[in-house]
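Here's a quick tour of one protein model, going from its charged pairs out to the overall build. Have the coordinates open as you read.

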Amino acid sequence: MTDIKTVAQDILWIGASDRRIERFENIFPLTDGVSYNSYLVKDEKTVLFDTCDVAVSEQFWQNLTEALDDGKLDYLVVLHMEPDHCSQIASVVSRYPELTVVGNAKTFTMLNQFFPETAAVKRQEVKEGDVLSAGSHSFRFLMAPMVHWPEAMFAWDESTGTLFTADAFGTFGALEGGIFADEYDFEKKYLDEARRYYANIVGKYGMQVQAVLKKAAGLEIRTICPLHGPVWRKDVRWFIDKYDKWSRYEPEDDGIVVIYGSLYGHTASAAAYLSSALVEKGGPGRPVRLFDVSKTHASYLVGEIWKSGTVVLCSPTYNNGIYLPMHALIHDLKALGLKNRKFALVENGTWAPASGKLMREELSSLQGCQIIEETLTIKSALHAPDKDRVDAFAAAVLA
Ligand code: FEO
């Protein structure tokens, strides 16, 4: 059964959602699936913007063939060559051998690597500012290198104010009938997943996101068409502002995310007491969010850290080092180039607590991050006489 929606004049959404997928990139857990958006422009020329993941190819082909209505396909524009969008390129070229594939120099290098069988297809190489005319719609290309692959680019249709943004402005989460963000309570349903998608997939490349946002700043954008998640046609500025903040590594609120590792519950108990003290002293302006690093997948923790101004890490000492899941999280934060956060550290050790010092060393390379001087040290477990020093530590976290 086909599922085709009109995005703007002559622009159709012909994408599909995968609700069975367990992990995006075989890493990130998905509880509500993901959509792969593909767009078809029907003008004097027909233009397909990107294909889809192989998992939804059957739906994609039904949509594409019905939307073309036995007509020919003139152009396939490739904004992004990652396989969740490019899997059907060779099949599209095989079915419409007269079409022209449009991409930049890096696109074609990757096309040759993934699909050498497309070597004979007509190719049109574009650079920054080049325009592809389809008739009444003309698409201007804006290069978006390393958002989050080197060949990524945007396409701008001035006649409808539509910006095709590849992975940028995408989100985890399948579509559930509507394709527009305003057909959902986006903040409730998608915002956390949009942030998790951004932080984990694109987060390392904030500088490159800032560069392309600057290019797009002068455009009168009415519609944003990403490759994942809802299309934006209302409150476009609100979501652009979120992207601006995330890519500047600025927290969204004054919240405190407390993340602990715990073998037997003693560090968990300390983290819970500390959280209680933070809530009591910080009040409603300083929301506290408490997580077990062994239980919550690191991608959710990264999303929470992207949101919050302050991060408290509580780790047992393990083999004279940092508790392994906590060490993995810190490695992730360093790989993503997190900036501009306040950290506080809690260590536990029954005979030689060392995880505080080691976490401090690891985190010291993060730019713009402050690690408060006090480390809360626990020898095995907290007890009633420790209350005052934990309360003093909470005050230092909040200061
Ligand atoms: Fe959705 Fe970078 O692929």
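Let's start inside: R195 counts as buried, at 2% relative accessibility. Buried here means under 20% relative accessible area, exposed means over 50%, and partly exposed is anything in between (1.4 Å probe, protein chains only). This is a predicted model, where local features need pLDDT of at least 70 and side-chain atom pairs count only at pLDDT 80 or more, while totals for chains, interfaces and linings use all residues. Residues are numbered from 1 along each chain as its sequence is written, and side-chain values use heavy atoms, with hydrogens and water left out.

**Charged pairs**

What does R195 pair with? R195 forms a salt bridge with E252, with the closest N and O atoms 2.5 Å apart. R195 sits in helix 6 (residues 191-202) and E252 in the loop between helix 8 (236-247) and strand 17, so the pair ties together parts 57 residues apart in sequence. A salt bridge is a side-chain nitrogen of Lys or Arg within 4 Å of a carboxyl oxygen of Asp or Glu. Helices (H or I, at least four residues) and strands (E, at least two) are DSSP runs, numbered from the N terminus.

| Pair | N to O distance |
|---|---|
| R195 and E252 | 2.5 Å |
| R248 and D244 | 3.3 Å |
| D130 and K127 | 3.9 Å |

**A buried histidine**

Where is H137? You'll find H137 in the loop between strand 12 (131-133) and strand 13 (138-143). H137 is buried, with a relative accessible area of 2%. Leaving out residues up to four places away in sequence, H137 touches Q9, D10, V41, D43, L132, D157, S159 and T160, where contact means heavy atoms within 4.5 Å. The H137 side chain also reaches the backbone oxygen of Q9 at 3.3 Å.

**Helix 13**

Helix 13 (residues 387-398) has 12 residues and reaches 17 Å from its first C-alpha to its last, close to the 16 Å expected at 1.5 Å a residue; the expected span is 1.5 Å times one less than the number of residues. Its buried residues are V390, D391, F393, A394, A396, V397 and L398. They pack against strand 17 (253-260), helix 9 (266-282), strand 19 (308-318), strand 21 (342-348) and strand 22 (370-378).

**Out at the surface**

L263, Y264, Y318 and L324 make a nonpolar surface patch of about 460 Å². A patch is built from residues with over 30% relative accessible area and no salt bridge, joining like charges within 9 Å and nonpolar side chains (Val, Leu, Ile, Met, Phe, Trp, Tyr) within 5 Å. L324 belongs to helix 11 (residues 324-336) and counts as exposed at 56% relative accessibility.

**The whole chain**

The protein chain has 13 helices and 22 strands, and its C-alpha trace spans about 80 × 40 × 40 Å along the principal axes. Of its 399 residues, 58% count as buried. Among contacts between residues at least 6 apart in sequence, 71% join residues at least 24 apart. The chain exposes about 16800 Å², with carbon and sulfur atoms supplying 50% of it; accessible areas come from the Shrake-Rupley method with a 1.4 Å probe, and for residues only the protein chains shown count as cover.

Notes
A polar contact is a pair of N or O atoms within 3.5 Å; within protein, one must be able to donate a hydrogen and the other to accept it, and residues adjacent in sequence count only if both atoms are side-chain atoms.
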